[in-house]
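Subject: Structure handover, side-chain contacts

Hello,

Please find the structure below.

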Amino acid sequence: RGGVESRGAIMEGERMEIFRGKDFYSHFRAHPEEMDAVLGPAGDLSTEERIKKLGELYMRKGYFVKSERFFPRPHPGRTKLVKWPIRVIQADDQDFLEHSWFTWLHQRPPTPWVTIASWLLVAFVIGCCLFPLAPHNVKLVVFYLSLSLLVFIAVLCVVRLVLYAAVWTIAGRHVWLFPNLFSDTVPINQIFSPLLEEDRDPKTGSPYPAPGALSRVLSVGALLGGAFYLYSTAPEEGYAVKIKTGHDDLLEMFGLDEFTAIKAGNETQPGEAAGNETQPGEAAGRE
């Protein structure tokens with residue numbers, strides 16, 4: 001199993017691993033001697049026949065089953081099927097064929113990286129629970145990292161919108177930068193792929209029609225004119241002050257401003273305050 005590439009997928013609501021029949025064939029074509037331990041000497045059988053016999057033997061023993069894509073057609077907005085499906089179903093036909101998908105029914109032992117990731121996840125959860133007790137500087141680092149991520153997402157959305165509007169106005173095409181950025185039908189490692197893609201009708205595969213050039217120019221011009229009017233009528237002064245005020249309000253909301261931090265650091269516990277008070281008898285004895 002270690003020599004055949006496998007990927008995670010979901011079958012019947014459970015997380016499984018799948019592999020391609022052609023990878024199974026490719027591995028044993030390159031290493032036919034590995035079949036001797038299971039099938040014995042080759043005899044008169046060719047390598048192809050032995051590979052098929054090995055696959056059928058594994059299927060009879062219940063190591064894996066033949067499966068097929070849950071979504072046989074590309075997702076909306078895509079023209080090709082993903083290389084590795086996310087969801088599969090068990091196929092009715094259980095013949096072992098080279099150009100088919102198969103699902104392992106036995107989970108491989110977890111690697112040390114799985115154990116390390118599990119402990120890191122536990123440490124992350126504990127760190128989140130202890131965040132209110134973290135030093136002020138640590139809180140500020142987490143706050144600014146989160147704020148930077150939100151700003152990055154906002155800027156990326158603006159860039160996508162500007163690019164879409166420019167291409168739509170000039171060429172009448174519905175082209176998006178990172179089209180899978182907000183898609184919930186692709187895994188997280190594919191949200192930045194492809195870089196650019198045009199929206200197409202999922203039924204016909206042809207690009208969506210666009211209005212005439214004059215209509216597109218007038219529409220975008222109206223939007224730009226409205227934005228310029230709002231900008232020109234807004235107060236010209238005080239932007240820096242408003243940004244600074246908003247920044248300070250956010251810090252105060254989360255208890256991260258300097259005044260709150262200093263106040264929290266200088267607070268004295270009731271027991272310490274009581275212990276620091278001078279008793280009347282002690283004061284009299286010192287006189």
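The notes cover salt bridges first, then aromatic rings.

This is a predicted model, in which local features need pLDDT of at least 70 and side-chain atom pairs count only at pLDDT 80 or more, while totals for chains, interfaces and linings use all residues. Residues are numbered from 1 along each chain as its sequence is written, and side-chain values use heavy atoms, with hydrogens and water left out.

Salt bridges

A salt bridge here is a side-chain nitrogen of Lys or Arg within 4 Å of a carboxyl oxygen of Asp or Glu. The count is eight. In one of them, Arg 20 pairs with Asp 23, with 2.8 Å between the closest N and O atoms. Both Arg 20 and Asp 23 are buried (buried is under 20% relative accessible area, exposed over 50%, partly exposed in between; 1.4 Å probe, protein chains only).

Lys 52 and Glu 56 form another, at 3.6 Å from N to O. The two residues lie four apart in helix α3 (residues 47-60), about one turn of the helix. Helices (H or I, at least four residues) and strands (E, at least two) are DSSP runs, numbered from the N terminus. Lys 52 is partly exposed at 30% relative accessibility, and Glu 56 is partly exposed at 30%.

Arg 173 and Glu 198 also form a salt bridge, the closest N and O atoms being 3.1 Å apart. Glu 198 is in strand β7 (residues 196-198) and Arg 173 in the loop between α5 (136-171) and β6 (175-177), so the pair ties together parts 25 residues apart in sequence. Glu 198 counts as buried because its relative accessibility is 17%, whereas Arg 173, at 38%, counts as partly exposed.

Aromatic rings

Rings of Phe, Tyr and Trp (its six-membered ring) pair if their centres lie within 6.5 Å; planes under 30 degrees apart count as stacked, over 60 as edge-to-face and the rest as tilted. There are 19 aromatic pairs in the structure. Phe 19 and Phe 102 are stacked, at 5.5 Å centre to centre and 20 degrees between the planes. This pair links strand β2 (residues 14-20), which holds Phe 19, to strand β5 (residues 101-104), which holds Phe 102, 83 residues apart. Phe 19 is buried at 0% relative accessible area, and Phe 102 is buried at 0%.

Regards
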